[in-house]
Amino acid sequence: MKPKVWFNGTLVPHEEATIHVLSHVVHYGSSVFEGIRCYDTARGSAVFRLPEHMRRLIDSAKIHRMQPEHDLDVLNAAVVDTIVESEMDACYIRPLVFRGAGPMGVNPLNNRVETIIAVWEWGKYLGPEALEQGVDVEVSSWNRNAPNTTPGLSKAAGNYLSSSLIKMDAIKKGFAEGIALTTSGFLAEGSGENLFLIRDGILYTSPTAFSILPGITRNTIITLARERGYRVEEKLLPREALYIADEIFFTGTAAEVTPIRSVDHHTIGEGRRGPITKELQDAFFDVVQNGNDPHGWLTFIPKNEASMSTQAEPAELTA
């Protein structure tokens, strides 16, 4: 394995993918990113919902007035190239668009917009046993950002400062994860995951108007659930709805579909993965592990073939 990083159009060795310490992103958090998985399916290596993830990356950049130098098609191909050149069958993928070195100050408009794509091995985010046994979580004392403070539709690095506080507090108290409420006290999401509750066979999830990220795995589960005849509602839910839910689970690229067995020491259901959660897990993993993909969600990675895209001229890398 020889991991490479796609850096402004050029594949470079992992250790050479560096930026200057005075880059705008270091001081002001001016970056947007994606988290994507490539799975080693029964039909070969495949990236899950690549075009949707990369479109969201460009949308996030647009919200923050960052225009990447490469278009969607080039970026999609660059993900594939990076996986091929890094010789990985399965990996986590991190595209990042950021403001680089230039004038110092809050105003970023004169700093170059740069783009990288990195890949690495990453197992189950909340532990391999979590997918079956579930995880213990708390309701965090930190609220999700209110609408019209920072843009919730953008997957921006700055938004994750609150996520880090939520996660650290949960871990310090012995929980695997925290659930954030809105500033009005309604359920929002986890530190890096969307949230689903099940009560009497109906799935509930928070509206995207609550500054939650409109997750692509969230959308996947909504689609799979409705195809199986389940009702899914985006609805305002109070904190106490967690304690009386029949089942609860997280969704996300890293978390995939992870059951929650307790919240604030309240046992959820029977204290383990519930039947509807398992059914939706099985449907999800049938796509990403078995390669059964009627929706066209998988982008398969070529083996031993030339790169899909023509590289740009080498970029200047400032150490």
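Glu87 counts as partly exposed, at 48% relative accessibility. Partly exposed sits between two cut-offs: buried is under 20% relative accessible area and exposed is over 50%, with a 1.4 Å probe and protein chains only. The model is predicted, so local features need pLDDT of at least 70 and side-chain atom pairs pLDDT 80 or more, while totals for chains, interfaces and linings use all residues. Residues are numbered from 1 along each chain as its sequence is written, and side-chain values use heavy atoms, leaving out hydrogens and water.

Back to Glu87. Which side chain does Glu87 meet in a salt bridge? Lys2, at 3.9 Å, N to O. A salt bridge here is a side-chain nitrogen of Lys or Arg within 4 Å of a carboxyl oxygen of Asp or Glu. Glu87 is in the loop between α3 and β6, and Lys2 is in the segment before β1 (4-7), so the pair ties together parts 85 residues apart in sequence. Helices are DSSP runs of H or I with at least four residues, strands are runs of E with at least two, and both are numbered from the N terminus. Lys2 is partly exposed too, with 41% relative accessibility.

Next pair. Glu34 forms a salt bridge with Arg56, and their closest N and O atoms are 2.7 Å apart. Glu34 lies in the loop between β3 (31-33) and β4, Arg56 in helix α2, so this pair ties together parts 22 residues apart in sequence. Buried or exposed? Both Glu34 and Arg56 are buried.

One more. Arg218 and Glu234 meet through their side chains in a salt bridge of 3.1 Å, N to O. This pair links distant parts of the chain, 16 residues apart: Arg218 in helix α6 (residues 216-227) and Glu234 in strand β13 (residues 232-234). Arg218 counts as buried, at 5% relative accessibility. Glu234 is partly exposed, at 45% relative accessible area. By this rule, the count of salt bridges is 16. As background, side chains of opposite charge can pair when their charged atoms come close.

Now the whole chain. It has seven helices and 17 strands. Its radius of gyration is 20 Å, close to the 20 Å that the globule rule gives for 319 residues, so the chain is as compact as a globular protein of that length. That radius is taken over C-alpha atoms, and the rule is 2.2 Å times the number of residues to the power 0.38. Along the principal axes, the C-alpha atoms fill a box of roughly 60 × 45 × 30 Å. Of the 319 residues, 52% are buried.

Contact means heavy atoms within 4.5 Å.

On to the inside. The largest nonpolar core has 26 residues, and Val47, Ile83 and Ile93 have the most contacts inside it. Such a core is a set of buried Ala, Val, Leu, Ile, Met, Phe, Trp, Tyr and Cys residues joined through side-chain atoms within 4.5 Å. Which elements give two or more residues to this core? They are β4 (36-41), α2 (50-63), α3 (72-86), β6 and β7. The largest share, six residues, comes from α3. A second, separate core has 24 residues, including Phe196, Leu224, Phe249 and Val287.

Take Ile93. Beyond its neighbours within four places in sequence, Ile93 is in contact with residues including Glu34, Val47, Ile83 and Val119.

Two backbone points. Arg49 has a positive phi of about 55 degrees, although it is not a glycine. Arg49 is in the loop between β5 (44-48) and α2, and counts as buried at 7% relative accessibility. Arg65 also has a positive phi, near 60 degrees. Arg65 sits in the loop between α2 and α3, and counts as exposed at 67% relative accessibility.

Last stop, the surface. Val21, Leu22, Tyr28, Met104 and Val106 form a nonpolar patch, with about 500 Å² of accessible area together. Patches take residues with over 30% relative accessible area and no salt bridge; like charges are joined within 9 Å, nonpolar side chains (Val, Leu, Ile, Met, Phe, Trp, Tyr) within 5 Å. Areas come from the Shrake-Rupley method with a 1.4 Å probe, and for residues only the protein chains shown count as cover. Val106 lies in the loop between β6 (91-99) and β7 (113-120). At 65% relative accessibility, Val106 is exposed.
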